[in-house]
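Hello,

Here is the structure I promised to pass on to you. My notes on what turned up follow just below it.

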Amino acid sequence: MKRSKAKPINIGIIGTGWPGQQHARVMSAIPDARLAACADLDDARRKEFAQTYAPAKSFSDYHELLHDPAVDAVIVCLPNFLHFPASLAALEVGKHVLCEKPPTMNVAEMKVLHEEATRRGLVYYFSRQFRFTPAMRAAKGLIAAGRLGHIYHARATWVRSRGIPQGVGGWFTEKKRSGGGALIDIGVHALDSAWYLMGTPRPVSVSAQVFRNFEHLVQDPVFDVEDAAYAFIRFDNGAVVQLETSWAGNLPDDIPMGQYFGRELNNSTVYGTKGTIRLKPLSFFEDQNGAVETVPVELPDDADSFELQLRNFIEAISGRAEAINNATQAVELMEMLDAIYASSASGREVPIV
Ligand SMILES: NC(=O)c1ccc[n+]([C@@H]2O[C@H](COP(=O)([O-])OP(=O)(O)OC[C@H]3O[C@@H](n4cnc5c(N)ncnc54)[C@H](O)[C@@H]3O)[C@@H](O)[C@H]2O)c1
């Protein structure tokens, strides 16, 4: 394979849990990416990470990493409440940012990051590796070729029957540290997958309800977030999406048992005037002379989604490609999440202006 002659981008990973490890794991496959540093307050995690992935430097305080002139870009894998301060501090010292999902805790924070990155000519990129899976890329190819016709509806689903995450110190279930529960944790993935397949139309209004019914299933000291959310979102092109997400619920047996979280279904189905796509397993249902036929679809390859995402981030920094997970979309995604919470609190459909 022809190697890129571009100057390597030196990357610091902040937060060395599972997502930090995934970004580090794929770095050596990208010729112009170097793992320059890592940071984590947890000594044991940081040391294990450093032994496995061998960054040049390792810090407990992420501010020291940010002020290291050898670092060009950071990947923020901290608990949600630190996404905004860490991303902003990174942009302020001239580093490009790839931040784990959710981009921020709310849209106001995300707008600040977007403005700061734009003003400084830096890349702000939100992590959504599921935009790069083989099924997603094949589905996007069919849609780009016009095979779905006009897309008017999508169903976005990520439900678990027994899958409430903990995180270090139980932060996932505490609103001031997480920003929310199942919606902002896994609902954001489901919504983004459907929205991305639909071509990221502009959201205009939301009707939603969130629920907290299953906090007794875990021992977390604070549990003040929703464990389920249901939403109906309208877009400016007339299309709509139905979102269904839960960490816990008494799910029926047509939803299969998963490996870790009880029953689990994580899927997107996108409906068009000429055909429909379901992501998992990737399936294409096409109108052929009035009959709905199942058309086999080949997956493009089995390339690693974290690797493709990081490659796109590096290419966006180098000016060789547009950022696929860009800051404008991060703002609109957060607008939808904020509106879901607002609609649920008010019991009414709320506009997004
Ligand atoms: N893309 C995905 O599929 C995916 C999957 C899991 C988690 N995530 C996201 O990644 C983020 C981290 O999730 P997690 O499951 O790894 O959480 P976690 O609690 O397991 O890990 C967070 C890490 O951050 C460290 N940390 C906390 N405060 C710090 C500070 N001030 N300075 C330095 N280090 C600090 C902790 O010690 C810990 O190692 C969350 O935003 C989560 O939503 C994304």
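**The ligand and its surroundings**

The ligand takes up the space of the largest pocket. A pocket here is an open set of points on a 1 Å grid over the protein atoms alone, where a 1.4 Å probe fits, with protein on both sides within 12 Å along at least five of seven lines. Please keep in mind that this is a predicted model, with local features needing pLDDT of at least 70, side-chain atom pairs counting only at pLDDT 80 or more, and totals for chains, interfaces and linings using all residues. Residues are numbered from 1 along each chain as its sequence is written, and side-chain values use heavy atoms, with hydrogens and water left out.

Around the ligand there are 24 residues (a heavy atom within 4 Å), and the closest are D40, R45, N80, H83 and W171. This shell is made up of 11 nonpolar, eight polar and five charged residues (Ala, Val, Leu, Ile, Met, Phe, Trp, Tyr, Cys and Pro count as nonpolar, Asp, Glu, Lys and Arg as charged, the others, Gly among them, as polar).

As for polar contacts (N or O pairs within 3.5 Å), a polar side-chain atom of D40 is 2.6 Å from a ligand oxygen atom, and a polar side-chain atom of E100 is 2.8 Å from a ligand nitrogen atom.

The ligand lies between domain 1 (9–127 + 306–323) and domain 2 (131–301), because both give residues to its shell; the bounds come from an automatic or database domain assignment. The domain centres, taken over C-alpha atoms, are 26 Å apart.

Best wishes

Conventions
A polar contact is a pair of N or O atoms within 3.5 Å; within protein, one must be able to donate a hydrogen and the other to accept it, and residues adjacent in sequence count only if both atoms are side-chain atoms. On a 1 Å grid over the protein atoms alone, a cavity is a set of points where a 1.4 Å probe fits but cannot get out, and a pocket is an open set with protein on both sides within 12 Å along at least five of seven lines; lining residues have an atom within 4 Å of a point. A molecule sits in a cavity or pocket if more than half of its atoms lie within 2 Å of its grid points.
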